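User: Please take a close look at one place where two helices pack together. How are two packed helices described?

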Amino acid sequence: MKKIGFIGLGNVGGKLSGSLVRNGMDVRVHDLNPEFVDTFVTKGAKLGGGPAAMMRECDAVITCLPSPAASEAVVQEMLPEVTKDKVWLEMSTTDEAEVKRLGAMVIAQGGAAVDCPVSGGCHRADTGNISIFAGCDRPTFERVLPLLTIMGRRVLHTGDIGSASILKVLTNYLATANLVSCIEALTVAKGANMDLGVAFEAMRISSGTSFVHETESQVILNGSRDISFTMDLVAKDIGLFQEVADRAGIALELNPLLISIFQDGISRYGPREFSPNIIRRLEDATGLDITAPGFPAELTDDEPEEPGTEVHPRY
């Protein structure tokens, strides 16, 4: 696969496509925001000319879009140009049932489809060190693995198409639960007159630590709350997780509460507010300021960029 199309140059897609451009791939880009496209052209990418043209001219087309509806619109436009050996890679966080449906349409045209969302934060997407889940048949996985290892450090083959999207929303649910629990812990620490720098460190070196605490708690305490991820996207992701649970007949207790918390946060602060600023609900209710000196305003990845590898299940 020599020619790669990339559609969707937002917070995540812009960073993933940036890794491809930075590593010398022949990349054609498209986004509804022409400024995003212009930025990538100055970095060495080529104009894509739209989804249909990209599928016609490229060996593989990657989509990284904000909603299942956006992905459907792009796939419908690309579909007439799908032929044998063409590959569609869906890197959006989307619905398992929907990616199966769209993937089946691509496969029926003779192409291949890969369900490959990412996890690990925008700061790791920026350096090519993010994790990637890939749902597809094994031969297709082996075809796309060299491409995925340019964008990600750890690549896990999750099974058939749709399996990666289930695991993606599952991990995003866990991250959301972690975020809300960290927020409550930090607020209680402040209310109990603890030094928040000490509280952060106690949480970090203890059984209470987590990836979310070690990353997002830092920008919470800085006050920027900037992780390049917004409340509406959290609401979408945990809503998709709820749909998976509902289809499986699993009655959940915690996720409906998280949905309610973020719906309230969106109504108070707007859908495009940074997701860690859900802590404002507690700051407003208590009058406490949950900030502390010495913490960074933005997350950076201090791991050097390295070629990715396939991760194999331990058991």
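**A helix crossing**

Helices H8 and H10 are oblique to each other, because angles under 35 degrees count as roughly parallel, over 145 as roughly antiparallel, 65 to 115 as roughly perpendicular, and the rest as oblique. This is a predicted model, where local features need pLDDT of at least 70, side-chain atom pairs count only at pLDDT 80 or more, and totals for chains, interfaces and linings use all residues. Residues are numbered from 1 along each chain as its sequence is written, and side-chain values use heavy atoms, without hydrogens or water.

Two packed helices are described by the angle between their axes and the distance between the axes. H8 covers residues 163-191, and H10 covers residues 211-222. Their axes come within 10 Å and cross at roughly 50°. Each axis is a line fitted to C-alpha atoms over the stretch in contact, with angles from 0 to 180 degrees between N-to-C directions. Helices are DSSP runs (H or I) of at least four residues, numbered from the N terminus.

Now the residues. Contact means heavy atoms within 4.5 Å. From H8 come Ala-175, Asn-178, Leu-179, Cys-182, Ile-183 and Leu-186. They meet Val-212, His-213, Glu-216, Ser-217, Ile-220 and Leu-221 of H10. These residues divide into 8 nonpolar, 3 polar and 1 charged.

Take Ser-217, found in H10. Ser-217 counts as buried because its relative accessibility is 1%; buried means under 20% relative accessible area, with a 1.4 Å probe and protein chains only. Leaving aside neighbours within four places in sequence, Ser-217 touches Cys-182, Leu-186, Phe-200 and Val-212.

Notes: Helices (H or I, at least four residues) and strands (E, at least two) are DSSP runs, numbered from the N terminus. Ala, Val, Leu, Ile, Met, Phe, Trp, Tyr, Cys and Pro count as nonpolar, Asp, Glu, Lys and Arg as charged, and the others, Gly among them, as polar. Buried means under 20% relative accessible area, exposed over 50%, partly exposed in between (1.4 Å probe, protein chains only).
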